[in-house]
Amino acid sequence: QRFKTWLGNFLWEDQARLGMEAYRYKGLLSMRGEAAQYVLQGVHDTFELEPGPTMKPNQGPVSKLVFIGKCLDETYFSTQLKSLV
């Protein structure tokens with residue numbers, strides 16, 4: 001999965017280089033072509049991405065992420081996440 005690869009790269013390589021520090025993050029992710037959403041939970045450089053609820057037939061794909069940390073750059077996250085779509 002592209003998201004999981006991106007998140008791993010951010011946490012284990014890019015965040016220190018960019019001067020960011022992620023303390024806690026969570027979210028509900030919709031992946032293209034999949035009916036099930038995924039639940040993201042993480043602390044520092046450890047995270048889990050597990051299958052979550054199935055989207056309802058009339059529900060469009062929705063993803064929501066929350067990052068708590070220090071010196072987090074909203075533009076960086078927006079650009080990176082849009083590149084995964």
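Is H44 buried, exposed or partly exposed, given its relative accessibility? At 41% relative accessibility, H44 counts as partly exposed, where buried means under 20% relative accessible area, exposed means over 50% and partly exposed lies in between, with a 1.4 Å probe and protein chains only. The views below belong to a predicted model, in which local features need pLDDT of at least 70 and side-chain atom pairs count only at pLDDT 80 or more, while totals for chains, interfaces and linings use all residues. Residues are numbered from 1 along each chain as its sequence is written, and side-chain values use heavy atoms, with hydrogens and water left out.

**View 1. The whole chain and its order of helices and strands.**
The chain has 2 helices and 4 strands, the helices (H or I, at least four residues) and strands (E, at least two) being DSSP runs numbered from the N terminus. Along the sequence these elements follow the pattern α-β-β-β-β-α. The radius of gyration of the chain is 13 Å, close to the 12 Å that the globule rule gives for 85 residues, so the chain is as compact as a globular protein of that length; the radius is taken over C-alpha atoms, and the rule is 2.2 Å times the number of residues to the power 0.38. Taken along the principal axes, the C-alpha atoms fill a box of roughly 40 × 20 × 20 Å.

Of the 85 residues, 29% count as buried. The chain exposes about 5,700 Å², of which carbon and sulfur atoms supply 54%, with accessible areas from the Shrake-Rupley method and a 1.4 Å probe, and with only the protein chains shown counting as cover for residues. The mean positions of the 10 positive and 9 negative charges are 8 Å apart; Lys and Arg count as positive and Asp and Glu as negative, whereas His and the chain ends are not counted, and each charge is placed at NZ of Lys, CZ of Arg, CG of Asp or CD of Glu.

**View 2. Two loop residues with positive phi.**
Most residues other than glycine have a negative phi. H44, although not a glycine, has a positive phi of about 50°, and H44 lies in the loop between strand 2 (36-43) and strand 3 (46-54). C71 is likewise not a glycine and has a positive phi of about 60°; its place is the loop between strand 4 (64-70) and helix 2 (74-83). With a relative accessible area of 53%, C71 is exposed.

**View 3. The aromatic rings.**
A search of the whole structure finds 9 aromatic pairs, where rings of Phe, Tyr and Trp (its six-membered ring) pair if their centres lie within 6.5 Å, and planes under 30 degrees apart count as stacked, over 60 as edge-to-face and the rest as tilted. Y25 and F67 form a stacked pair, at 5.5 Å centre to centre and with 20° between the planes. Y25 lies in strand 1 (residues 21-30) and F67 in strand 4, so the pair ties together parts that are 42 residues apart in sequence. Y25 is buried at 1% relative accessibility, and F67 is also buried, at 18%. Ring pairs link F3, W6, F10, Y25, F67, Y76 and F77 into a cluster.

**View 4. Q37 and its surroundings.**
Q37 lies in strand 2 and is buried, with a relative accessible area of 4%. Not counting residues up to four places away in sequence, Q37 touches L28, L29, S30, E50, P51, G52, P53, M55, Q59 and V62, contact meaning heavy atoms within 4.5 Å. From C-alpha to C-alpha, Q37 and S63 are 8.5 Å apart in space and 26 residues apart in sequence.

Q15 is found in helix 1 (residues 2-18) and counts as buried at 10% relative accessibility. Leaving aside neighbours within four places in sequence, Q15 is in contact with F10, M20, E21 and A22, while the C-alpha atoms of Q15 and V62, 47 residues apart along the chain, are separated by 25 Å. K4 is also found in helix 1, but K4 is partly exposed, with a relative accessible area of 42%. Beyond its neighbours within four places in sequence, K4 is in contact with F47 and L49, and the C-alpha atoms of K4 and E48, 44 residues apart along the chain, are separated by 9.3 Å. Over the chain, among contacts between residues at least 6 apart in sequence, 52% join residues at least 24 apart.
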